[in-house]
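Work through these exercises with the sequence and the 3D view side by side. Try each task before reading its solution.

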Amino acid sequence: MENRFKESLLNKEVFSITWELVPGRGAFEKNQEEVLMAAEQAAKGGKIHAITLTDNPGGNPAILADYLALEIIKKGIEPLVHFTCKDRNRNQIESQLYALDRMGIRNLLVMTGDYPVTGYKGRPMPVFDLDPVHVLELISKMNNGLEYPGIKGTVKHKPSDFFAGAVVSPFKATEAEQMVQYYKLKKKIEVGAQFIVTQLGYDARKFHEVIQYIRQQGWDIPVIGNIYVLPIGTAKAMNKNKIPGCVVTDKLVAELEKEAQAPDKGYKACLDRAAKMYAFMKGMNFDGVHIGGHNLKYEDVEYIIEKGEELSANWMDYIHEFDYPIPGGFYYYEKDPETGLNTSQPVDRENRPLDTKVEFVYKLSTLTHKLMLEPKAPLWKPMRAIAKRVDGTSLERPYHAFEHLMKVCLYDCHDCGDCALMDVAYVCPMSQCPKKQRNGACGGSFMGWCEVYPNKKKCAYVRAYARLKNDGKEEKLAGDIIPPPNWDLYHTSSWLNYYLGRDHSASHLGIENNEKGKK
(Lines give C-alpha, C1' and ligand atoms only; values in the text may rest on other atoms or scores of the structure.)
Protein backbone atom coordinates (compact mmCIF):
# COMPACT_ATOMS: atom_id res chain seq x y z
CA MET A 1 0.00 0.00 0.00
CA GLU A 2 1.15 3.51 -0.77
CA ASN A 3 2.28 5.55 2.25
CA ARG A 4 1.50 9.10 1.15
CA PHE A 5 3.28 10.67 4.11
CA LYS A 6 6.49 8.71 3.55
CA GLU A 7 6.40 9.38 -0.19
CA SER A 8 5.94 13.11 0.39
CA LEU A 9 8.79 13.32 2.86
CA LEU A 10 11.25 11.40 0.72
CA ASN A 11 10.36 13.34 -2.43
CA LYS A 12 12.58 16.42 -2.61
CA GLU A 13 10.05 18.09 -4.91
CA VAL A 14 7.31 17.96 -2.26
CA PHE A 15 7.06 20.02 0.94
CA SER A 16 5.46 17.60 3.39
CA ILE A 17 2.77 18.85 5.78
CA THR A 18 1.37 17.24 8.92
CA TRP A 19 -1.36 18.56 11.18
CA GLU A 20 -1.28 17.71 14.88
CA LEU A 21 -4.55 16.79 16.62
CA VAL A 22 -5.03 16.01 20.30
CA PRO A 23 -7.51 13.12 20.81
CA GLY A 24 -8.21 13.92 24.47
CA ARG A 25 -9.62 11.88 27.33
CA GLY A 26 -12.65 9.68 26.67
CA ALA A 27 -13.94 7.42 23.91
CA PHE A 28 -17.14 9.00 22.56
CA GLU A 29 -16.70 12.58 23.69
CA LYS A 30 -16.82 15.74 21.61
CA ASN A 31 -13.03 15.88 21.30
CA GLN A 32 -12.71 12.49 19.58
CA GLU A 33 -15.50 13.32 17.14
CA GLU A 34 -13.82 16.65 16.31
CA VAL A 35 -10.53 14.85 15.58
CA LEU A 36 -12.24 12.51 13.13
CA MET A 37 -14.13 15.35 11.43
CA ALA A 38 -10.89 17.32 11.09
CA ALA A 39 -9.16 14.29 9.57
CA GLU A 40 -12.00 13.92 7.06
CA GLN A 41 -11.67 17.59 6.08
CA ALA A 42 -7.91 17.20 5.67
CA ALA A 43 -8.38 14.11 3.50
CA LYS A 44 -10.81 15.95 1.23
CA GLY A 45 -8.64 19.07 1.09
CA GLY A 46 -5.63 17.14 -0.21
CA LYS A 47 -3.01 19.57 1.12
CA ILE A 48 -2.02 17.65 4.24
CA HIS A 49 0.03 14.46 4.03
CA ALA A 50 -0.58 13.08 7.54
CA ILE A 51 -2.63 13.67 10.68
CA THR A 52 -0.46 13.58 13.79
CA LEU A 53 -2.02 12.09 16.92
CA THR A 54 -0.56 12.80 20.36
CA ASP A 55 0.05 10.15 23.04
CA ASN A 56 -1.13 11.21 26.53
CA PRO A 57 0.21 14.77 26.04
CA GLY A 58 1.34 16.64 29.11
CA GLY A 59 1.44 13.36 31.03
CA ASN A 60 -2.39 13.20 31.14
CA PRO A 61 -4.56 10.22 30.16
CA ALA A 62 -6.19 10.21 26.72
CA ILE A 63 -7.63 7.75 24.25
CA LEU A 64 -4.98 5.52 22.68
CA ALA A 65 -3.93 7.19 19.45
CA ASP A 66 -3.62 3.80 17.75
CA TYR A 67 -7.35 3.21 17.55
CA LEU A 68 -8.19 6.66 16.23
CA ALA A 69 -5.37 6.19 13.70
CA LEU A 70 -7.22 3.15 12.34
CA GLU A 71 -10.37 5.25 11.90
CA ILE A 72 -8.36 8.04 10.27
CA ILE A 73 -6.92 5.64 7.68
CA LYS A 74 -10.51 4.88 6.66
CA LYS A 75 -11.03 8.60 6.07
CA GLY A 76 -8.38 8.44 3.35
CA ILE A 77 -5.38 10.10 5.02
CA GLU A 78 -2.26 8.75 6.71
CA PRO A 79 -1.96 9.01 10.52
CA LEU A 80 1.35 9.79 12.21
CA VAL A 81 1.15 8.32 15.71
CA HIS A 82 3.20 9.75 18.56
CA PHE A 83 4.81 6.74 20.22
CA THR A 84 6.16 7.48 23.70
CA CYS A 85 8.03 5.43 26.28
CA LYS A 86 6.56 6.77 29.50
CA ASP A 87 3.64 4.41 30.16
CA ARG A 88 4.73 0.98 28.85
CA ASN A 89 7.38 -1.62 29.55
CA ARG A 90 9.31 -3.23 26.72
CA ASN A 91 6.88 -6.15 26.29
CA GLN A 92 3.90 -3.83 25.98
CA ILE A 93 5.83 -1.67 23.51
CA GLU A 94 6.59 -4.71 21.37
CA SER A 95 2.96 -5.87 21.61
CA GLN A 96 1.71 -2.46 20.57
CA LEU A 97 4.05 -2.41 17.58
CA TYR A 98 2.69 -5.78 16.43
CA ALA A 99 -0.86 -4.43 16.66
CA LEU A 100 0.07 -1.27 14.73
CA ASP A 101 1.80 -3.35 12.06
CA ARG A 102 -1.24 -5.57 11.63
CA MET A 103 -3.56 -2.55 11.43
CA GLY A 104 -1.42 -0.97 8.71
CA ILE A 105 -0.44 2.02 10.83
CA ARG A 106 3.10 2.64 9.69
CA ASN A 107 4.10 6.21 10.58
CA LEU A 108 5.44 6.67 14.10
CA LEU A 109 7.08 9.59 15.87
CA VAL A 110 9.11 8.04 18.69
CA MET A 111 9.86 10.17 21.74
CA THR A 112 10.46 9.94 25.47
CA GLY A 113 7.13 11.50 26.44
CA ASP A 114 6.06 13.96 29.11
CA TYR A 115 6.46 12.85 32.70
CA PRO A 116 3.05 11.53 33.94
CA VAL A 117 1.29 14.08 36.13
CA THR A 118 -2.39 13.08 36.42
CA GLY A 119 -4.48 9.93 36.34
CA TYR A 120 -7.27 7.99 37.99
CA LYS A 121 -7.01 8.61 41.75
CA GLY A 122 -3.75 10.48 41.50
CA ARG A 123 -0.43 10.60 39.74
CA PRO A 124 0.42 7.32 37.95
CA MET A 125 3.70 5.45 38.20
CA PRO A 126 5.97 6.34 35.25
CA VAL A 127 7.49 3.38 33.40
CA PHE A 128 10.30 4.51 31.05
CA ASP A 129 11.57 0.93 30.62
CA LEU A 130 12.98 1.77 27.17
CA ASP A 131 14.18 5.09 25.84
CA PRO A 132 13.57 6.34 22.26
CA VAL A 133 16.92 4.97 21.08
CA HIS A 134 15.90 1.48 22.21
CA VAL A 135 12.45 1.75 20.59
CA LEU A 136 13.89 2.95 17.29
CA GLU A 137 16.37 0.08 17.40
CA LEU A 138 13.52 -2.40 17.99
CA ILE A 139 11.51 -0.93 15.11
CA SER A 140 14.53 -1.22 12.79
CA LYS A 141 14.91 -4.88 13.72
CA MET A 142 11.19 -5.45 13.14
CA ASN A 143 11.48 -3.83 9.71
CA ASN A 144 14.23 -6.33 8.89
CA GLY A 145 12.32 -9.27 10.38
CA LEU A 146 12.73 -9.48 14.15
CA GLU A 147 14.86 -12.42 15.26
CA TYR A 148 14.89 -13.98 18.73
CA PRO A 149 15.74 -17.40 20.24
CA GLY A 150 12.88 -19.91 20.27
CA ILE A 151 12.52 -23.47 21.55
CA LYS A 152 13.63 -24.95 18.23
CA GLY A 153 16.19 -22.31 17.28
CA THR A 154 16.05 -18.76 15.99
CA VAL A 155 12.62 -17.37 15.13
CA LYS A 156 12.38 -14.71 12.42
CA HIS A 157 9.25 -12.64 11.83
CA LYS A 158 7.95 -11.24 8.58
CA PRO A 159 9.35 -7.72 8.11
CA SER A 160 7.17 -4.82 9.24
CA ASP A 161 6.85 -1.60 7.24
CA PHE A 162 7.20 1.15 9.84
CA PHE A 163 8.34 4.64 8.93
CA ALA A 164 9.63 5.88 12.27
CA GLY A 165 10.99 9.28 13.15
CA ALA A 166 12.52 10.98 16.17
CA VAL A 167 12.55 14.39 17.83
CA VAL A 168 15.34 16.87 18.62
CA SER A 169 15.29 20.24 20.36
CA PRO A 170 17.62 22.98 19.11
CA PHE A 171 16.07 25.44 21.59
CA LYS A 172 18.17 24.77 24.69
CA ALA A 173 19.62 27.53 26.83
CA THR A 174 22.93 26.02 27.91
CA GLU A 175 25.79 24.42 26.03
CA ALA A 176 25.43 21.18 27.95
CA GLU A 177 21.69 20.89 27.29
CA GLN A 178 22.13 21.60 23.59
CA MET A 179 25.07 19.32 22.97
CA VAL A 180 23.47 16.33 24.68
CA GLN A 181 20.44 16.86 22.43
CA TYR A 182 22.68 16.58 19.37
CA TYR A 183 24.62 13.63 20.80
CA LYS A 184 21.38 11.73 21.40
CA LEU A 185 20.19 12.65 17.91
CA LYS A 186 23.28 10.93 16.53
CA LYS A 187 22.33 7.74 18.36
CA LYS A 188 18.73 7.93 17.13
CA ILE A 189 19.90 8.19 13.53
CA GLU A 190 22.41 5.38 13.98
CA VAL A 191 19.72 2.97 15.16
CA GLY A 192 17.39 3.78 12.30
CA ALA A 193 15.36 6.99 12.71
CA GLN A 194 14.00 7.75 9.25
CA PHE A 195 13.02 11.40 9.75
CA ILE A 196 13.45 14.12 12.36
CA VAL A 197 10.94 16.59 13.82
CA THR A 198 12.09 19.61 15.81
CA GLN A 199 10.72 20.56 19.21
CA LEU A 200 8.68 23.75 19.53
CA GLY A 201 10.30 27.19 19.51
CA TYR A 202 10.25 30.53 17.68
CA ASP A 203 13.92 31.47 17.18
CA ALA A 204 14.73 31.44 13.44
CA ARG A 205 18.44 31.21 14.12
CA LYS A 206 17.87 28.01 16.10
CA PHE A 207 15.82 26.46 13.29
CA HIS A 208 18.67 27.31 10.94
CA GLU A 209 21.15 25.82 13.41
CA VAL A 210 19.51 22.39 13.56
CA ILE A 211 19.10 21.96 9.80
CA GLN A 212 22.68 23.15 9.24
CA TYR A 213 24.05 20.87 11.97
CA ILE A 214 22.29 17.82 10.54
CA ARG A 215 23.55 18.51 7.04
CA GLN A 216 27.11 19.21 8.24
CA GLN A 217 27.17 15.81 9.94
CA GLY A 218 26.41 14.21 6.58
CA TRP A 219 23.08 12.79 7.75
CA ASP A 220 20.85 12.36 4.71
CA ILE A 221 17.55 12.35 6.57
CA PRO A 222 14.35 14.41 6.15
CA VAL A 223 13.85 17.19 8.71
CA ILE A 224 10.46 18.63 9.67
CA GLY A 225 10.08 22.00 11.40
CA ASN A 226 7.53 22.46 14.17
CA ILE A 227 4.97 25.28 13.85
CA TYR A 228 2.54 25.98 16.68
CA VAL A 229 -0.16 28.63 16.40
CA LEU A 230 0.53 30.37 19.68
CA PRO A 231 -2.15 32.23 21.69
CA ILE A 232 -1.16 34.29 24.73
CA GLY A 233 -2.42 31.84 27.37
CA THR A 234 -0.44 28.92 25.96
CA ALA A 235 2.57 31.19 25.47
CA LYS A 236 2.61 32.12 29.16
CA ALA A 237 2.47 28.44 30.15
CA MET A 238 5.33 27.56 27.79
CA ASN A 239 7.30 30.57 29.01
CA LYS A 240 7.29 29.03 32.51
CA ASN A 241 8.08 25.54 31.11
CA LYS A 242 4.68 24.23 32.22
CA ILE A 243 4.61 22.50 28.84
CA PRO A 244 8.12 21.01 29.03
CA GLY A 245 10.46 21.45 26.09
CA CYS A 246 8.48 24.23 24.40
CA VAL A 247 10.44 27.50 24.43
CA VAL A 248 8.70 30.89 24.43
CA THR A 249 10.80 33.86 25.54
CA ASP A 250 9.72 36.93 27.55
CA LYS A 251 10.13 39.07 24.42
CA LEU A 252 7.65 36.95 22.47
CA VAL A 253 5.16 36.92 25.35
CA ALA A 254 5.28 40.74 25.45
CA GLU A 255 4.53 40.92 21.71
CA LEU A 256 1.64 38.47 22.05
CA GLU A 257 0.16 40.53 24.89
CA LYS A 258 0.04 43.56 22.59
CA GLU A 259 -1.50 41.53 19.76
CA ALA A 260 -4.14 40.15 22.15
CA GLN A 261 -5.60 43.66 22.49
CA ALA A 262 -7.02 43.36 18.97
CA PRO A 263 -10.74 42.53 18.54
CA ASP A 264 -9.90 38.97 17.47
CA LYS A 265 -7.58 38.55 20.52
CA GLY A 266 -4.59 38.43 18.18
CA TYR A 267 -5.65 35.27 16.35
CA LYS A 268 -4.97 36.63 12.85
CA ALA A 269 -1.50 37.73 13.98
CA CYS A 270 -0.88 34.20 15.30
CA LEU A 271 -1.84 32.66 11.96
CA ASP A 272 0.36 35.12 10.06
CA ARG A 273 3.28 34.30 12.36
CA ALA A 274 2.78 30.60 11.59
CA ALA A 275 2.67 31.36 7.84
CA LYS A 276 5.96 33.25 8.05
CA MET A 277 7.51 30.31 9.91
CA TYR A 278 6.29 28.04 7.12
CA ALA A 279 7.95 30.39 4.62
CA PHE A 280 11.35 30.54 6.28
CA MET A 281 11.44 26.81 6.97
CA LYS A 282 10.78 26.10 3.32
CA GLY A 283 13.47 28.64 2.44
CA MET A 284 15.95 26.94 4.80
CA ASN A 285 15.33 23.64 2.96
CA PHE A 286 13.42 21.84 5.64
CA ASP A 287 11.60 18.87 4.12
CA GLY A 288 8.26 19.73 5.68
CA VAL A 289 6.38 21.31 8.56
CA HIS A 290 4.40 19.98 11.51
CA ILE A 291 1.49 22.34 12.22
CA GLY A 292 -0.32 22.38 15.55
CA GLY A 293 -2.38 24.59 17.81
CA HIS A 294 -5.19 24.34 20.35
CA ASN A 295 -8.60 24.27 18.62
CA LEU A 296 -6.96 24.98 15.26
CA LYS A 297 -9.50 24.61 12.43
CA TYR A 298 -8.86 23.08 9.04
CA GLU A 299 -9.45 26.38 7.28
CA ASP A 300 -6.75 27.92 9.52
CA VAL A 301 -4.28 25.23 8.44
CA GLU A 302 -5.13 25.88 4.81
CA TYR A 303 -4.55 29.60 5.39
CA ILE A 304 -1.10 28.92 6.89
CA ILE A 305 -0.16 26.72 3.93
CA GLU A 306 -1.41 29.11 1.27
CA LYS A 307 0.00 32.22 2.92
CA GLY A 308 3.26 30.42 3.70
CA GLU A 309 3.67 29.43 0.07
CA GLU A 310 3.00 33.00 -1.00
CA LEU A 311 5.64 34.37 1.40
CA SER A 312 8.28 31.68 0.83
CA ALA A 313 9.79 33.38 -2.24
CA ASN A 314 10.98 36.22 0.02
CA TRP A 315 11.51 34.22 3.22
CA MET A 316 14.62 36.12 4.28
CA ASP A 317 12.49 39.25 4.71
CA TYR A 318 10.85 37.70 7.79
CA ILE A 319 13.90 36.42 9.66
CA HIS A 320 14.22 39.61 11.72
CA GLU A 321 10.69 38.99 13.06
CA PHE A 322 11.87 35.77 14.71
CA ASP A 323 14.74 37.13 16.77
CA TYR A 324 13.82 35.48 20.09
CA PRO A 325 17.06 34.33 21.71
CA ILE A 326 17.10 33.00 25.25
CA PRO A 327 19.09 35.69 27.12
CA GLY A 328 22.66 34.43 27.31
CA GLY A 329 21.62 31.28 25.47
CA PHE A 330 24.03 28.97 23.66
CA TYR A 331 24.27 28.69 19.89
CA TYR A 332 26.31 26.01 18.16
CA TYR A 333 27.41 28.36 15.36
CA GLU A 334 28.74 31.90 15.21
CA LYS A 335 26.12 34.48 14.20
CA ASP A 336 26.05 35.91 10.71
CA PRO A 337 25.46 39.67 11.27
CA GLU A 338 24.24 40.18 7.70
CA THR A 339 21.46 37.59 7.68
CA GLY A 340 20.73 37.26 11.41
CA LEU A 341 21.20 33.50 11.03
CA ASN A 342 24.39 31.45 11.41
CA THR A 343 27.73 31.19 9.71
CA SER A 344 29.07 27.69 9.06
CA GLN A 345 31.69 28.19 11.80
CA PRO A 346 30.99 26.48 15.15
CA VAL A 347 31.60 28.57 18.26
CA ASP A 348 34.65 27.89 20.39
CA ARG A 349 33.26 25.54 23.03
CA GLU A 350 36.64 24.62 24.47
CA ASN A 351 37.02 27.92 26.30
CA ARG A 352 33.44 28.30 27.46
CA PRO A 353 32.88 27.84 31.21
CA LEU A 354 31.15 24.71 32.48
CA ASP A 355 27.39 24.94 32.97
CA THR A 356 27.57 23.33 36.39
CA LYS A 357 30.25 22.35 38.87
CA VAL A 358 32.12 19.05 38.81
CA GLU A 359 31.52 17.35 42.15
CA PHE A 360 34.18 15.58 44.19
CA VAL A 361 32.35 12.27 43.79
CA TYR A 362 33.27 12.27 40.11
CA LYS A 363 36.95 12.68 40.84
CA LEU A 364 36.76 9.86 43.38
CA SER A 365 34.89 7.70 40.87
CA THR A 366 37.39 8.24 38.06
CA LEU A 367 40.28 7.41 40.39
CA THR A 368 38.54 4.18 41.40
CA HIS A 369 37.82 3.44 37.76
CA LYS A 370 41.50 3.77 36.80
CA LEU A 371 42.54 1.50 39.67
CA MET A 372 40.06 -1.36 39.35
CA LEU A 373 37.40 -0.99 36.66
CA GLU A 374 39.37 -1.20 33.43
CA PRO A 375 40.60 -4.57 32.10
CA LYS A 376 44.21 -3.31 32.19
CA ALA A 377 43.90 -1.54 35.56
CA PRO A 378 46.29 -2.53 38.40
CA LEU A 379 43.52 -4.10 40.52
CA TRP A 380 41.49 -5.62 37.70
CA LYS A 381 42.81 -9.18 38.01
CA PRO A 382 42.57 -9.29 41.82
CA MET A 383 39.02 -7.90 41.74
CA ARG A 384 37.98 -10.39 39.07
CA ALA A 385 39.53 -13.23 41.07
CA ILE A 386 37.62 -12.12 44.17
CA ALA A 387 34.40 -11.95 42.15
CA LYS A 388 34.89 -15.52 40.93
CA ARG A 389 35.56 -16.63 44.48
CA VAL A 390 32.52 -14.86 45.95
CA ASP A 391 29.98 -15.64 43.22
CA GLY A 392 27.37 -18.19 44.29
CA THR A 393 28.75 -18.62 47.82
CA SER A 394 27.68 -17.45 51.27
CA LEU A 395 30.02 -14.48 50.80
CA GLU A 396 27.93 -13.05 47.97
CA ARG A 397 25.28 -11.50 50.23
CA PRO A 398 27.66 -9.43 52.41
CA TYR A 399 29.73 -8.55 49.31
CA HIS A 400 26.60 -7.23 47.61
CA ALA A 401 25.43 -5.42 50.77
CA PHE A 402 28.78 -3.61 51.11
CA GLU A 403 28.76 -2.62 47.42
CA HIS A 404 25.17 -1.39 47.57
CA LEU A 405 25.77 0.67 50.72
CA MET A 406 28.75 2.40 49.11
CA LYS A 407 26.81 3.15 45.91
CA VAL A 408 23.72 4.40 47.73
CA CYS A 409 25.87 6.90 49.61
CA LEU A 410 27.70 8.04 46.47
CA TYR A 411 25.10 7.69 43.69
CA ASP A 412 21.69 6.99 45.28
CA CYS A 413 21.94 3.50 43.74
CA HIS A 414 18.66 1.70 42.96
CA ASP A 415 20.43 -1.68 42.73
CA CYS A 416 19.43 -2.49 39.14
CA GLY A 417 22.45 -4.81 38.81
CA ASP A 418 23.18 -3.71 35.22
CA CYS A 419 25.06 -0.55 36.05
CA ALA A 420 25.39 2.35 33.59
CA LEU A 421 27.40 4.63 35.89
CA MET A 422 30.53 4.36 33.77
CA ASP A 423 28.57 5.22 30.63
CA VAL A 424 27.15 8.49 32.00
CA ALA A 425 30.17 9.97 33.79
CA TYR A 426 29.13 8.42 37.11
CA VAL A 427 25.74 10.14 37.12
CA CYS A 428 23.33 7.23 37.61
CA PRO A 429 20.65 7.44 34.87
CA MET A 430 18.39 5.11 36.85
CA SER A 431 18.29 7.18 40.04
CA GLN A 432 19.36 10.68 38.95
CA CYS A 433 17.14 10.90 35.86
CA PRO A 434 13.40 10.55 36.64
CA LYS A 435 12.86 9.24 33.08
CA LYS A 436 15.73 6.72 33.39
CA GLN A 437 17.32 7.80 30.11
CA ARG A 438 20.44 5.73 29.43
CA ASN A 439 21.31 7.23 26.03
CA GLY A 440 20.94 10.95 26.53
CA ALA A 441 18.66 13.65 27.83
CA CYS A 442 14.95 13.97 27.13
CA GLY A 443 13.71 17.25 25.66
CA GLY A 444 12.12 18.62 28.81
CA SER A 445 15.00 20.28 30.66
CA PHE A 446 14.81 24.05 31.22
CA MET A 447 17.77 26.35 31.79
CA GLY A 448 19.79 23.29 32.77
CA TRP A 449 17.22 22.06 35.32
CA CYS A 450 15.41 18.72 35.25
CA GLU A 451 11.85 18.90 33.92
CA VAL A 452 10.53 17.02 36.97
CA TYR A 453 12.53 18.97 39.59
CA PRO A 454 12.83 22.53 38.23
CA ASN A 455 15.23 24.77 40.18
CA LYS A 456 16.00 21.83 42.48
CA LYS A 457 17.95 19.28 40.46
CA LYS A 458 20.15 19.81 37.44
CA CYS A 459 19.45 17.56 34.46
CA ALA A 460 21.54 14.39 34.88
CA TYR A 461 23.04 14.86 31.44
CA VAL A 462 23.96 18.48 32.09
CA ARG A 463 25.98 17.20 35.04
CA ALA A 464 27.49 14.37 32.99
CA TYR A 465 28.46 16.75 30.18
CA ALA A 466 30.20 19.13 32.59
CA ARG A 467 32.17 16.27 34.11
CA LEU A 468 33.29 14.92 30.76
CA LYS A 469 33.99 18.32 29.24
CA ASN A 470 36.24 19.09 32.19
CA ASP A 471 38.33 16.10 31.04
CA GLY A 472 37.96 16.88 27.32
CA LYS A 473 35.82 13.77 26.79
CA GLU A 474 32.29 15.18 26.32
CA GLU A 475 31.80 13.42 22.97
CA LYS A 476 31.77 10.13 24.86
CA LEU A 477 28.06 10.86 25.33
CA ALA A 478 27.61 10.40 21.58
CA GLY A 479 29.35 7.02 21.64
CA ASP A 480 28.08 3.54 22.47
CA ILE A 481 24.37 2.71 22.47
CA ILE A 482 23.60 1.73 26.07
CA PRO A 483 21.02 -1.09 26.16
CA PRO A 484 18.10 -1.07 28.60
CA PRO A 485 18.78 -2.72 31.96
CA ASN A 486 18.49 -6.48 32.13
CA TRP A 487 15.99 -6.96 34.97
CA ASP A 488 17.23 -10.54 35.50
CA LEU A 489 20.07 -8.78 37.31
CA TYR A 490 17.86 -6.61 39.53
CA HIS A 491 18.95 -6.65 43.20
CA THR A 492 22.15 -8.53 42.39
CA SER A 493 25.71 -7.27 42.71
CA SER A 494 26.63 -5.06 39.76
CA TRP A 495 30.30 -5.57 40.64
CA LEU A 496 29.94 -9.34 40.24
CA ASN A 497 27.92 -8.87 37.06
CA TYR A 498 30.55 -6.51 35.68
CA TYR A 499 33.66 -8.51 36.56
CA LEU A 500 32.09 -11.76 35.46
CA GLY A 501 30.82 -10.41 32.13
CA ARG A 502 27.09 -10.69 32.79
CA ASP A 503 26.03 -7.05 32.33
CA HIS A 504 25.81 -4.90 29.20
CA SER A 505 29.47 -3.87 29.43
CA ALA A 506 30.77 -7.37 28.66
CA SER A 507 30.43 -7.25 24.88
CA HIS A 508 32.33 -4.03 24.22
CA LEU A 509 34.96 -4.69 26.91
CA GLY A 510 35.51 -8.29 25.84
CA ILE A 511 34.89 -9.69 29.34
CA GLU A 512 34.33 -13.43 29.41
CA ASN A 513 30.82 -14.31 30.62
CA ASN A 514 30.70 -16.39 33.81
CA GLU A 515 27.18 -17.62 34.56
CA LYS A 516 26.03 -17.13 38.14
CA GLY A 517 27.26 -19.84 40.46
CA LYS A 518 29.71 -21.31 37.92
CA LYS A 519 33.44 -21.14 38.41
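Contact here means heavy atoms within 4.5 Å. Keep in mind that this is a predicted model.

**Exercise 1. Which residues does V127 touch, not counting residues up to four places away in sequence?**

Step 1. Find V127 in the loop between β4 and α5 (132-143).

Step 2. Apply the contact cut-off of 4.5 Å between heavy atoms. Leaving out residues up to four places away in sequence, V127 touches K86, D87, R88, N89 and K436.

Step 3. Check the exposure of V127. Its relative accessible area is 25%, so V127 is partly exposed. Buried would need under 20%, and exposed over 50%.

Step 4. Look at one of the partners, R88. The charged end of R88 sits over the ring of F83, 5.4 Å from the ring centre.

Step 5. Compare a residue from elsewhere in the chain. Y411 is 284 residues from V127 along the chain, and their C-alpha atoms are separated by 21 Å.

**Exercise 2. Describe how strand β4 (residues 107-111) is covered, and find its pairing strands.**

Step 1. Count the buried residues: five of the five in β4 are buried.

Step 2. Sort them by face. In a regular strand the side chains alternate between the two faces of the sheet. In β4, N107, L109 and M111 lie on one side, with L108 and V110 on the other. Both faces are covered.

Step 3. Find the first pairing. Strand β3 (residues 78-84) runs parallel to β4, with five bridges between them. H82 has L109 of β4 as its bridge partner.

Step 4. Find the other pairing. Strand β7 (residues 163-168) is also parallel to β4, over four bridges. Here V110 is bridged to A166 in β7.

Step 5. Together, β3, helix α4 (residues 90-103) and β4 form a right-handed β-α-β unit.

**Exercise 3. Is the ring pair of Y182 and Y213 stacked or edge-to-face? Then treat W380 and Y498 likewise.**

Step 1. Take Y182 and Y213. Their ring centres are 4.2 Å apart and their planes meet at 15 degrees, so the pair is stacked. The cut-off for stacking is under 30 degrees.

Step 2. Y182 is in helix α6 (residues 175-190) and Y213 in helix α7 (residues 204-216), 31 residues apart.

Step 3. Check burial. Y182 has 0% relative accessibility, so Y182 counts as buried. Y213 has 6%, so Y213 is buried as well.

Step 4. Turn to W380 and Y498. Their centres are 5.7 Å apart and the planes are at 90 degrees, so this pair is edge-to-face. Edge-to-face requires over 60 degrees.

Step 5. W380 belongs to helix α13 (residues 380-390) and Y498 to helix α16 (residues 494-499), 118 residues apart. Both W380 and Y498 are buried.

**Exercise 4. Which residues have the most contacts inside the largest nonpolar core?**

Step 1. Name them: W19, L97, L108, F280 and Y499, in a core of 144 residues.

Step 2. Find the largest contributor. Helix α10 (residues 267-283) supplies nine residues, the largest share of this core.

Step 3. Follow Y499. Beyond its neighbours within four places in sequence, Y499 contacts M372, L373, W380, M383, R384, A387, Y399 and I511.

Step 4. Look for a separate core. Another, of 11 residues, lies apart and includes F5, F163, F195 and I224.

Definitions and conventions
Residues are numbered from 1 along each chain as its sequence is written. This is a predicted model: local features need pLDDT of at least 70, side-chain atom pairs count only at pLDDT 80 or more; totals for chains, interfaces and linings use all residues. Side-chain values use heavy atoms; hydrogens and water are left out. A nonpolar core is a set of buried Ala, Val, Leu, Ile, Met, Phe, Trp, Tyr and Cys residues joined through side-chain atoms within 4.5 Å. Buried means under 20% relative accessible area, exposed over 50%, partly exposed in between (1.4 Å probe, protein chains only). Helices (H or I, at least four residues) and strands (E, at least two) are DSSP runs, numbered from the N terminus. Rings of Phe, Tyr and Trp (its six-membered ring) pair if their centres lie within 6.5 Å; planes under 30 degrees apart count as stacked, over 60 as edge-to-face and the rest as tilted. A charge sits over a ring if NZ of Lys or CZ of Arg is within 6 Å of the ring centre and within 35 degrees of the ring normal. Two strands pair if DSSP finds at least two bridges between them. A crossover is right-handed if, with the strands pointing away from the viewer, the path from the first strand over the helix to the second runs clockwise.
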